[in-house]
Amino acid sequence: MPGRHYSKFIPPSLAMSELECQKLDNDATDMLIDKWLERPHRPDSYYDWFQRVRERKHLANANARRDQVLLWNKGVFVPENIFTRTVDTGRLIPLDRTWVTHVYHHRSMKRLTMMPVIFSMLPELMLLRGMHDRGCDEIYVIVTDLKRHEMDQVTEYFQYVCQNTAQGFCKPSVEQKINHDYILLNNALDRRTPCFPQIDLTLRAILHEKRPPFIVLFSHQTMSYSQILFAHPTFVPSHDMYHDFPSGCPNPGCTDNCCELIRFPKQGPENAAVLSPSSKKKVRYRYGRRARPKEMCNWIECDVCFSDERDILPLSGSEGSSEGSVEGSDLGSECSAGSNKAFTGLVCSRCKLVKYCSADHQRRDWEEHKRVCAKPLGES
């Protein structure tokens, strides 16, 4: 690109990358999910984990129930019956929402299919995709051959660079450290494919131009693991839900708690690789679309955002019927809540897990919501 040059201190352009990009569309993702469900060793550790999630007691308190991250209340073990609550809208959406994957790799791998790469991390990607209504329609993966300790070194480098250069400038001492670490990594990974400068350029260019919630550094080494780099702490999965998530190790007899093919952060932000600066000051280059948690109408096409107040109104006609209605309310079929800043939404009276701005939007959402809508345990 004319007028652009590579720099470790300002975001590069993705057009400068020499890595090949293979794109897997929504249909390819859908096919991989079907193959994952048909794998011969079911039930496996992932199935067992989802089963444990299903058996966890739903809290009786309404506010606590709204904080539930993952639910499987009904039906067989398929993604369309498992729902996640998004961090950006508070909606419950099923795991069967697909995505487009952009896989960046060295040209020597051009003839190889990238579908096994995605298949090996499919459970993690489904959960990470399900955390967001927006921003995860496209997922970015960089394929490397980094070993375990090299992946740790590269991750530490990217965290330091992104957290100290987000304002477009840095102190001389920081600049000196970045240059020093860059030279060390470049020399240590000289025989890696792709080379470290291309990994560095491509990753920071994706962060700046595409602004995804996370990027995956995938290592195809046999005895290694891959790293998920999160753009912001709000994109990191909840520790309360994922603390016992399977490691992904293919060896059923493995007892090594640190053996993870995909380093899925089971301790929350505490041990996750987060790239955004910890400072709350305005920065010049912000990596990723910052998630601002809010509560919205559960109908996916509605943009009504409810207030932060805790008072809610019940949808008294929502006892699992597609003919639900709002009794005693003057809300019509149109979304009329947008002009009222104090409007806190109408909660589903059966599961008390979702809100709507009107009975009309509840009816539209019922075909999807009925797959998870159930009375909490302990209630008659």
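The chain contains 10 helices and 13 strands; helices (H or I, at least four residues) and strands (E, at least two) are DSSP runs, numbered from the N terminus. This is a predicted model, in which local features need pLDDT of at least 70 and side-chain atom pairs count only at pLDDT 80 or more, while totals for chains, interfaces and linings use all residues. Residues are numbered from 1 along each chain as its sequence is written, and side-chain values use heavy atoms, with hydrogens and water left out.

**The whole chain**

Buried means under 20% relative accessible area, exposed over 50%, and partly exposed in between (1.4 Å probe, protein chains only). Of the contacts between residues at least 6 apart in sequence, 74% join residues at least 24 apart; a contact means heavy atoms within 4.5 Å.

**The sheet E2-E3-E4**

Next, select strands E2, E3 and E4, which form an open sheet in that order with antiparallel pairing. Strand E2 (70–71) and strand E4 (92–94) stand at the edges, each with a single partner strand, so one side of each has no neighbour in the sheet. Two strands pair if DSSP finds at least two bridges between them. Strand E2 is joined to strand E3 (residues 83–85) by two bridges.

**His105**

Move to strand E5 (residues 100–105), where His105 is found. His105 is buried, with a relative accessible area of 2%. Leaving aside residues up to four places away in sequence, His105 touches Leu19, Glu20, Gln22, Lys110, Met114 and Val143.

**Helices H7 and H8**

Now select helix H7 (residues 172–188) and helix H8 (residues 196–209), which pack at an angle of about 125 degrees with their axes 8 Å apart. H7 is therefore oblique to H8. The axes are lines fitted to C-alpha atoms, for helices over the stretch in contact, and angles run from 0 to 180 degrees between N-to-C directions. Angles under 35 degrees count as roughly parallel, over 145 as roughly antiparallel, 65 to 115 as roughly perpendicular, and the rest as oblique. Show the side chains of Tyr182, Leu185 and Asn186 in H7, which meet Phe196, Pro197 and Asp200 in H8.

**The cysteines**

Finally, select Cys348, which is buried, with a relative accessible area of 1%. The sulfur of Cys348 is 3.7 Å from the closest cysteine sulfur, in Cys351, too far for a bond. The structure holds zero disulfides, a disulfide being a pair of cysteine sulfur atoms within 2.5 Å. Cys21 is partly exposed, with a relative accessible area of 38%.
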